[in-house]
Amino acid sequence: MWTKLEDGSVVDANGKVIFFSTERFVNDICLGNCCFICGAKPDEKQFNNEHVLPEWLLRRYDLFSKTITLPNDVAVRYDQYTVPCCAECNSLMGEVVEKPISEVVRGGVESINNFVTKGDLLKMIVWMGLIFLKTHLKDRAHRFHLDTRKGEEKIGDDYDWEHLHHIHCVVRCFYTGCTVEEEAVGSFLVVPVKAPPGQEPFDFADLYVAQTMLLRLDDTAMLTVFDDSGGAMNYFWQKLEKIKGPVSDLQLREIMVELAFLNLHLKERPIFQTNIDLVQESCRIIGTRPELDLVEMDRQVRGKLLFRAVQHALPFINTPGLTEDEILEAIEAGNFSFLFNNDGEFIK
């Protein structure tokens, strides 16, 4: 029979953690060095750690020696970008998560849409959620200031780690066997992207505070909001219908910003919980989706999100009739768009 521990976690007869309480999740996974899937300590099992981006992705796009830029603007090589994971869980993820997803995404937009339409949205959310979770668990290991005279603070020191608890519960479903209800997952969108000669075939970005992420592979991009119970996508459809073709890299990042902006302005947040039946030995992750409504939109929030998403490209952005300072001012005010012109028409 399953047992509920003093801290609220639930384990099976063999000690396998079916449910991490928020307290245990923060202490063992976020602040500790336990395997982020099973919770084992390094002295209990063999560890080989897990790349934040799966190895097949690193191989396919030759990313091992390339770098990702962290929130403190420091570049870290992808091959050194790992989180604690035992060999057993690493192998399991490769077999039941990475292998099928790698085959699906290879087929592009149509393949992914067919996969999701046939009932496998959860598998896609789990895959992207694993990347998002690992990305921010890794932030606890990097100093915010390279110059130690400015302080020893880590990037993740300001994180509310409880904010990641729901994602952790969902992405572990392949390990725990938990059922995940539709209302407990977020928005998902796949869009075609222009791939001109010379363009990097890979892009990865997220906005932590809004739990929103994008991943572009060649001419296909996937975007996910993890904690909105589909609310952001419900509102974004109005703009999506105006997009009449493949988007550019900057337009893709604006779509990520739009989804994040909507998520942050939902009037009521969904409520997520894991229901455990100790006798029947079953668990179910559910979400209570409130009536969809938005609070008054703060354009400056959109501005901050858009600046964060496109700041790497600011030196190369030219707009007829606007100076560099005017472009920056419009972006920060939340009034600049790469997607639509002044008449609301899609910019092809």
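These legends describe an overall view and two close-ups of a predicted model. Local features need pLDDT of at least 70 and side-chain atom pairs count only at pLDDT 80 or more, while totals for chains, interfaces and linings use all residues. Residues are numbered from 1 along each chain as its sequence is written, and side-chain values use heavy atoms, with hydrogens and water left out.

View 1. Helices (H or I, at least four residues) and strands (E, at least two) are DSSP runs, numbered from the N terminus. Of the 348 residues, 50% count as buried (under 20% relative accessible area; exposed is over 50%, partly exposed in between; 1.4 Å probe, protein chains only).

**View 2. Asp206 lies in strand β10.** The strand covers residues 202-207. Asp206 is buried, at 19% relative accessible area. Leu223 is 17 residues away from Asp206 in sequence; in space the two are 9.3 Å apart, C-alpha to C-alpha.

**View 3. Glu324, Asp325, Glu326, Glu329 and Glu332 form a negative surface patch.** Patch residues have over 30% relative accessible area and no salt bridge, with like charges joined within 9 Å. A salt bridge puts a side-chain nitrogen of Lys or Arg within 4 Å of a carboxyl oxygen of Asp or Glu. Asp325 sits in helix α10, residues 324-332. Asp325 counts as exposed, with 61% relative accessibility.

Methods: Patches are made of residues with over 30% relative accessible area and no salt bridge: like charges are joined within 9 Å, nonpolar side chains (Val, Leu, Ile, Met, Phe, Trp, Tyr) within 5 Å. Accessible areas come from the Shrake-Rupley method with a 1.4 Å probe; for residues, only the protein chains shown count as cover. Lys and Arg count as positive and Asp and Glu as negative; His and the chain ends are not counted. The place of a charge is taken as NZ of Lys, CZ of Arg, CG of Asp or CD of Glu.
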